[in-house]
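Here is a short briefing on charged side chains and one surface patch. Keep the structure open while you read.

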Amino acid sequence: MSTQLTSKQTVSMDKRGRMSFPAVFRSVLGDAIYLTQDIDEKGCVVAYSKEGFDEFCETMCEGMSPYDVSMMMTVIGDVTHIVEPDTMGRITLPEELRTFASMTSGTTVVVGAGKGVEIWEKERYDAFISEKSAGIRAMMLAKRKQMHASTEG
């Protein structure tokens, strides 16, 4: 099973998009960090390792014709940037991605989200968690009850 990234860190981002990328995530993602737009309409930036990004692309293109794969990869390539942390562990979020995620200078939230790391504008993240948390917890409880019932039978 591949590594599931977890944890939440709050960091500052300057006006040029430069931010400290938490060491806990750098150690897993490596020296080349693939940044792209999220596809779930959450409005955040997703960071992957090279392997994680390759897996993401394979999953997105699964079952497609070669033509559709070509079109898909062109679009994914258009919104993906590869960055390397500097000696201080900082990365710069490209302006295109900051615009997509409505990020300006200030506080950002960096959160492990399974196979990737999400980078959010803090107020948007707080609103997302406030809106979705109760529903997700209810789903988890229902799943737990379902699992428990299936082991009793």
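Glu 118 and Lys 42 form a salt bridge through their side chains, with N and O 2.4 Å apart. Glu 118 belongs to strand 8 (residues 116-121) and Lys 42 to the loop between strand 3 and strand 4, so this pair ties together parts that are 76 residues apart in sequence. The model is predicted. A search of the whole structure gives six salt bridges.

**Salt bridges**

- Glu 118 counts as buried because its relative accessibility is 10%, under the 20% cut-off.
- Glu 55 pairs with Lys 115 in another salt bridge, where the closest N and O atoms are 2.5 Å apart.
- This pair also links distant parts of the chain. Glu 55 is in helix 2 (residues 50-61), while Lys 115 is in the loop between strand 7 (106-113) and strand 8. The two residues are 60 apart.
- Glu 55 is partly exposed, at 32% relative accessible area. Lys 115 is partly exposed too, at 38%.
- Asp 86 and Arg 90 meet through their side chains in a salt bridge of 2.9 Å, N to O.
- Asp 86 has a relative accessibility of 31%, so it counts as partly exposed. Arg 90 is partly exposed, with a relative accessible area of 31%.

- Asp 38 sits in the loop between strand 3 (33-37) and strand 4 (45-48).
- Which backbone nitrogen does the side chain of Asp 38 reach at 2.9 Å? That of Lys 42.
- The backbone nitrogen of Cys 44 is 3.0 Å from a polar atom of the Asp 38 side chain.
- Leaving out residues up to four places away in sequence, Asp 38 touches Gly 43, Cys 44, Val 46 and Phe 100.

**Nonpolar surface patch**

- Ile 136, Met 139 and Met 140 make up a nonpolar patch on the surface. Together they have about 320 Å² of accessible area.
- Met 139 is placed in helix 5 (residues 122-152).
- Met 139 counts as exposed because its relative accessible area is 53%, over the 50% cut-off.

Terms used:
Residues are numbered from 1 along each chain as its sequence is written. This is a predicted model: local features need pLDDT of at least 70, side-chain atom pairs count only at pLDDT 80 or more; totals for chains, interfaces and linings use all residues. Side-chain values use heavy atoms; hydrogens and water are left out. Helices (H or I, at least four residues) and strands (E, at least two) are DSSP runs, numbered from the N terminus. A polar contact is a pair of N or O atoms within 3.5 Å; within protein, one must be able to donate a hydrogen and the other to accept it, and residues adjacent in sequence count only if both atoms are side-chain atoms. Contact means heavy atoms within 4.5 Å. Patches are made of residues with over 30% relative accessible area and no salt bridge: like charges are joined within 9 Å, nonpolar side chains (Val, Leu, Ile, Met, Phe, Trp, Tyr) within 5 Å. Accessible areas come from the Shrake-Rupley method with a 1.4 Å probe; for residues, only the protein chains shown count as cover. A salt bridge is a side-chain nitrogen of Lys or Arg within 4 Å of a carboxyl oxygen of Asp or Glu. Buried means under 20% relative accessible area, exposed over 50%, partly exposed in between (1.4 Å probe, protein chains only).
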